[in-house]
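Hello,

Here is the structure for you to look through. Please open it first, then read the notes below it.

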Amino acid sequence: MLIGEVAQRSGVSARMLRHYESLGLVRPFGRTGSGYREYSGEDIRRIFHIESLRSLGLSLREVGRALDDPGFTPSELVGDLIRQTHERIEAETELLTRLRRIDAADPAGWEGVLHVVALLQALGSKSPGARQRAALTSGDDVPVPVEALVEAALSEADTNVAGALRWALARSGDGVPGLLARGLGSPVAAVRERAVRSLAEMPGDEATSELRHALVNADIVVRGHAALALGTRGETEAVPILIAMIVDGRNDTDAADALSVLATDSAMADGIATELVGRLAHDATGAPARGRLTQALAAVPGTAASSALVELSRDGDRAVALTATYLLRLRGAR
């Protein structure tokens, strides 16, 4: 069979067949009297084998080794191909993500494109200073796509950079709380905490709604941060968790402060005082917890809190009684 017919049947061009021959991958069994290459059936099968191995991503050198080396182990090469393919997919996925973020920024010209690229690179820098500067300058000319800011905020371990990223996110407009909320379901505790802390600094109803959902999160840290943020926003759903934080001694001072914000309404103040007293009377509440609950009553105005302190000033626990007496004096001095 001559080269033209081989090319037609195999789909491999005559030029590529000559290239295979120059590399020693294919060796036509002979030539005609006119000097044309002749290929046997075995040559044709080898050509198909070459094309099959090339379709797996093997180089021509690797193809030759696979076909001619008796000691060749396919499993090792296939394993390498799998690893290389994964690396290539990751690189292409990263490039696709970057391109989509540039497109989302909608830069007006090449200057804008280059500006976004520079900011994206800075956000991924190993230098905390470079990451912080990128966050602080993200909205000056062309804004960094919010997806990139959210990703950076959820992965940032440096305290100063994290604060700058939260500041940038708070200025980024609608849609950010929903993106941050995805981090609340992360299997990594640190990511969940960064997500709720970022949500706590986001203004608006959308962030408040996501924080309400976070009150039932399985992570106690997430619930605590959400309750503190909601308490300062006047959201009464946070009260049970804020009181539980006081009992457990988790950010109890901040929790008491949040309760004082919620207690500005007289009816709400009496309700909070009643719940605090209810926890004080709970048999499972230990002495340290009772002391914290008593102190929390100090920030709650109204007759219910005052009556509770009067009762506690006669408590059998001396520390609680002394604390209540002292707090009553402070209330009388106001």
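**Helix α16 and its surroundings**

Helix α16 covers residues 266–280, 15 residues in total. From its first C-alpha to its last it reaches 21 Å, close to the 21 Å expected at 1.5 Å a residue. (Expected span is 1.5 Å times one less than the number of residues. Helices are DSSP runs of H or I with at least four residues, strands are runs of E with at least two, and both are numbered from the N terminus.)

Before going on, note that this is a predicted model: local features need pLDDT of at least 70, side-chain atom pairs count only at pLDDT 80 or more, and totals for chains, interfaces and linings use all residues. Residues are numbered from 1 along each chain as its sequence is written, and side-chain values use heavy atoms, with hydrogens and water left out.

Which residues of α16 are buried? They are Ala269, Ile272, Ala273, Leu276 and Leu280. (Buried means under 20% relative accessible area, exposed over 50%, partly exposed in between, with a 1.4 Å probe and protein chains only.) Seen down the axis of α16, these buried residues fall within an arc of 100 degrees, so they line one face of the helix. (The arc is that of the directions from the helix axis to the C-beta atoms.) The face turned away from the buried side carries the exposed residues Ala267 and Thr274. The cover over the buried residues includes α14, α15 (252–262), α17 (287–297) and α18 (303–312).

**The cores**

The largest nonpolar core has 71 residues. (Such a core is a set of buried Ala, Val, Leu, Ile, Met, Phe, Trp, Tyr and Cys residues joined through side-chain atoms within 4.5 Å.) Leu242, Leu259, Leu276 and Leu297 have the most contacts inside it. (Contact means heavy atoms within 4.5 Å.) Helix α14 (residues 239–248) gives the largest share of this core, 7 residues. Another core lies apart from it, with 19 residues, among them Ile3, Leu25, Tyr39 and Val63.

**One buried threonine**

Thr294 sits in helix α17. Its relative accessibility is 0%, so Thr294 counts as buried. Leaving aside neighbours within four places in sequence, Thr294 contacts Leu280, Leu309, Leu312, Val320, Thr323, Ala324 and Leu327.

**The whole protein**

The secondary structure comes to 19 helices and 2 strands. Of the 334 residues, 39% count as buried. The C-alpha trace spans about 120 × 50 × 30 Å along its principal axes.

Best wishes
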